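Visitor: Could you take me through this complex, starting with how far I may trust it?

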Amino acid sequence: MRLDLAGVSACIDARPIVEDVTLTARPGQFVALIGPNGSGKSTLLRTVYRSLRPSAGVIRLDEQDLWRMRPRQAARHRAILPQHGQAVEGFSAAEVVAAGRHRHKRPLERETPADQAAVTTALERVGMDWAADRLMTTLSGGERQRVLLARALAQEAPLLILDEPTNHLDVGSQLHLLDLIRSLGLTLLAALHDLDQAAAYADQVVVLRDGRVAGHGPPLEVLTPAFIEEVFGVRAHVGPHPITGRPHIAVASPVTMSDELITTGIREGG
Amino acid sequence: MTDTLTLPPRTRPAPSRRPHLISGPATGLLLAALVAGLVAALVVGISIGSVNLPLAQVWGVVWAHVTGRGAQADPLLSQVVWEIRTPRALLAALAGAGLSVAGVALQALVRNPLADPYVLGVSSAASLGAVLVPALGSTALAGAFGVTGAAFAAAMLSALLVYLLSQRSGRLLDSWLVLTGVAVGYLCAAATTFVQLQLNPTELQGMMFWLMGSVAGASWPDLGVPALLIVACMAWLALQARALNALMAGEEAAIAIGVPVAALRIGLLVAGSLLTATVVSVVGGIGFIGLMIPHMVRFVVGADHRRVLPVSLLTGALFLVLVDLAARTADRPNELPVGIFTTGLGVPFFLWLLRRRAKGGGDAA
């Protein structure tokens with residue numbers, strides 16, 4: 001599944017939030033969307049969710065206009081892990097994951113063995129099969145996030161869109177989740193906060209600043225120290241990762257990095 | 001596809017019990033039990049009333065009317081059983097069912113556990129419509145509609161107003177829905193109070209009974225429209241059950257899995273306000289049922305709408321038939337307002353369920 005955004009702009013309350021964004025995710029590619037808070041990442045993703053209609057531009061899935069599809073047809077092509085997963089009282093994890101099968105079902109149709117198998121497989125994938133019969137409200141934030149990912153997987157769509165999927169997860173679970181989604185062979189578009197994770201996992205990064213594309217391309221070509229400092233206002237260093245030896249982005253606040261400020265602070269504090 | 005990974009399992013002790021008190025095949029048994037209970041309650045409701053009548057004669061009358069043959073009993077007895085008790089018991093069942101289903105629909109629409117059928121101001125508007133009839137005199141409104149028609153018209157107008165005020169380019173915003181609904185409700189309540197002050201005491205007395213809610217005075221013609229609407233709305237909602245489950249988890253999640261969210265929410269608003277307006281215009285503002293029955297049902301069968309909808313429908317019907325029975329018989333031959341019993345019986349049961357669920361480890365995280 002190929003995803004193309006061509007000249008996409010989006011407004012909230014008539015205020016432009018995203019302007020003229022063009023990006024492409026080729027089949028099987030992992031495209032990371034990065035940018036400071038308020039740069040328009042979530043708003044841009046909402047246009048791909050079909051929860052916010054673009055004010056200009058077009059979004060295509062394999063040459064088909066996403067916004068001209070019927071809801072179920074769109075659900076056949078793309079699954080979503082939204083940022084704010086709400087835990088609703090009274091639903092078990094298995095019931096939440098089963099909702100991902102919606103597009104496969106007619107109204108009043110019962111769950112088939114194929115649906116049950118898809119639910120079980122999805123829960124196993126995210127390591128939550130033990131929780132199938134647990135109520136969502138009894139799970140921790142990270143566990144809920146895994147269940148919501150399982151719901152997206154149960155949808156069996158070739159394109160997966162994720163809005164900060166590693167939120168709420170401990171550091172081990174973050175890396176496992178990124179390993180997992182990368183291993184699925186799906187086309188991925190994910191908003192990520194961690195530049196180092198974006199560099200390590202994504203094939204392409206698209207950097208948003210003030211709703212516009214500030215840079216795009218392979219991570220290490222785009223995320224140079226000078227570019228990171230310009231967009232995020234932090235000092236950055238790209239060097240070999242101490243464990244893996246692969247390129248690694250380390251960042252630091254310009255304030256803590258300044259010896260002069262630290263010394264001044266100590267002198268004034270003392 | 002490359003070799004796929006799985007996240008390492010978070011090993012935790014397996015749960016010893018099912019997630020819901022009643023799930024799976026037991027739901028069928030529960031539904032059967034509720035149908036049996038409802039039939040039994042209707043039988044008792046028709047057999048017992050503020051005056052004692054011999055059971056054999058009571059059912060002789062019912063049998064004669066249902067089959068269209070058999071000996072005609074004493075006309076007074078026939079009148080009491082067939083024209084008063086039977087439609088009253090049936091109306092209680094319909095009203096209870098309608099309010100519960102409306103509660104389910106509107107709780108899914110506004111995704112707020114405090115939502116009830118009256119959250120959109122429909123009940124206050126119906127009251128306003130009803131008091132306007134005697135206030136304006138029988139010539140203007142009442143001639144065309146009667147009190148019931150005026151109440152229904154006012155209720156639907158308020159729902160339309162709330163819809164218009166809480167949508168932006170066709171999309172409903174849930175927080176606005178609740179706030180505009182409450183605001184419109186207060187406005188109608190204030191207007192009702194003002195109109196009531198203009199009425200004379202005799203007109204007011206009839207009104208008060210209606211404002212508090214009552215199934216007394218039910219007649220056969222009252223039953224047709226509510227019955228039809230309940231069947232139609234329930235059928236539509238049953239078709240949407242899966243989509244409603246998805247909607248509860250959030251708008252984006254529902255869109256993601258292919259639910260036409262905007263259309264679904266407008267449908268919910270229409271179904272919820274039609275049901276509420278119909279019930280309120282016939283029996284007045286009976287509280288509690290539409291709020292609490294859906295919650296109670298979720299405590300027992302979980303939140304899956306494929307179970308919540310039919311179980312709520314039957315539980316609401318059963319509950320109001322029993323409550324009306326209590327209201328008629330607790331202080332014979334006087335009748336107490338049904339609202340005293342809906343809350344008096346319902347609240348303790350609701351709190352017991354709530355505590356019981358908390359003890360079972362319902363909430364954590």
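Visitor: What ipTM and pTM does the predictor give the complex?
Guide: This is a predicted model, and the predictor gives the complex an ipTM of 0.82 and a pTM of 0.85.

Visitor: And what does the pLDDT of chain A average?
Guide: Chain A averages a pLDDT of 88, and 94% of its residues score at least 70.

Visitor: Where in chain A is confidence lowest, and where is it highest?
Guide: Confidence in chain A is lowest in helix H11 (residues 259-269), where the mean is 51. It is highest in strand S8 (residues 187-191), at 96.

Visitor: What about the pLDDT of chain B?
Guide: The average for chain B is 82, with 88% of the residues scoring at least 70. Over residues 361-365 of chain B the pLDDT is below 50. Beyond near neighbours in sequence, that stretch has eleven contacts in the model.

Visitor: Turning to the folds, how many helices and strands does chain A have?
Guide: Chain A has eleven helices and twelve strands. Its radius of gyration is 20 Å, close to the 18 Å that the globule rule gives for 270 residues, so chain A is as compact as a globular protein of that length. The C-alpha trace of chain A spans about 70 × 45 × 40 Å along its principal axes.

Visitor: How many helices and strands in chain B, then?
Guide: Chain B has 15 helices and two strands. Of its 365 residues, 48% count as buried. In chain A, buried residues make up 46% of the 270 residues.

Visitor: Into which domains is chain A divided?
Guide: Chain A is divided into domain 1 (3-223) and domain 2 (224-270). The centres of these two domains of chain A, taken over C-alpha atoms, are separated by 31 Å. Their contact takes twelve residues from domain 1 and eleven residues from domain 2.

Visitor: Which elements of domain 1 touch domain 2?
Guide: Helix H7 (195-201), strand S9 (204-209), strand S10 (212-217) and helix H8 (219-222) of chain A each give two or more residues to that side of domain 1. H7(A) gives the most, with four residues. By class, this side of domain 1 has nine nonpolar, one polar and two charged residues.

Visitor: Now the two chains together: how many residues are in contact?
Guide: In the contact between the chains, 49 residues of chain A meet 42 residues of chain B. Elements of chain A that each supply at least two residues to its side include helix H4 (113-125), helix H5 (141-154) and helix H6 (171-183). H6(A) gives the most to this side, with five residues. The classes on the side of chain A are 21 nonpolar, 15 polar and 13 charged residues.

Visitor: Which residues touch the most other members of the largest nonpolar core?
Guide: In this core of 191 residues, they are Ala93(A), Val97(A), Ala95(B), Val101(B), Ala155(B) and Val321(B). Helix H3 (residues 75-110) of chain B gives the most to the core, with 18 residues. The core also draws at least three residues from each of domain 1 and domain 2 of chain A.

Visitor: What does Val321(B) touch?
Guide: Leaving aside residues up to four places away in sequence, Val321(B) touches Leu38(B), Ala41(B), Leu42(B), Gly45(B), Ala89(B), Ala92(B), Ala93(B) and Gly96(B).

Visitor: And Leu187(B), where is that found?
Guide: Leu187(B) is found in helix H7 (residues 174-198) of chain B. It counts as partly exposed because it has 16 C-beta neighbours inside 10 Å. Leu187(B) and Ser124(B) are 63 residues apart in sequence and 8.4 Å apart in space, C-alpha to C-alpha.

Visitor: One last topic, the backbone: what is the phi of Asp13(A)?
Guide: Asp13(A) has a positive phi of about 50°, although it is not a glycine. Most residues other than glycine have a negative phi. Asp13(A) lies in the loop between strand S1 (3-12) and strand S2 (15-25) of chain A.

Visitor: Is Asp13(A) buried or exposed?
Guide: Asp13(A) is exposed, with 6 other C-beta atoms within 10 Å. Glu63(A) is not a glycine either and has a positive phi of about 75°. Glu63(A) lies in the loop between strand S4 (56-61) and strand S5 (64-65) of chain A, and with 7 C-beta neighbours inside 10 Å it counts as exposed.

Technical notes. Residues are numbered from 1 along each chain as its sequence is written. Chains are lettered from A and ligands numbered from 1 in the order in which they are written. This is a predicted model: local features need pLDDT of at least 70, side-chain atom pairs count only at pLDDT 80 or more; totals for chains, interfaces and linings use all residues. A nonpolar core is a set of buried Ala, Val, Leu, Ile, Met, Phe, Trp, Tyr and Cys residues joined through C-beta atoms within 7 Å. A residue is buried if 20 or more other C-beta atoms lie within 10 Å of its own, exposed if 12 or fewer, and partly exposed in between; C-beta atoms are placed from the backbone. Domain bounds come from an automatic or database domain assignment. Two residues are in contact if their C-beta atoms, placed from the backbone, lie within 7 Å. The radius of gyration is taken over C-alpha atoms; the globule rule is 2.2 Å times the number of residues to the power 0.38. Ala, Val, Leu, Ile, Met, Phe, Trp, Tyr, Cys and Pro count as nonpolar, Asp, Glu, Lys and Arg as charged, and the others, Gly among them, as polar. pLDDT is the predictor's confidence in each residue, from 0 to 100.
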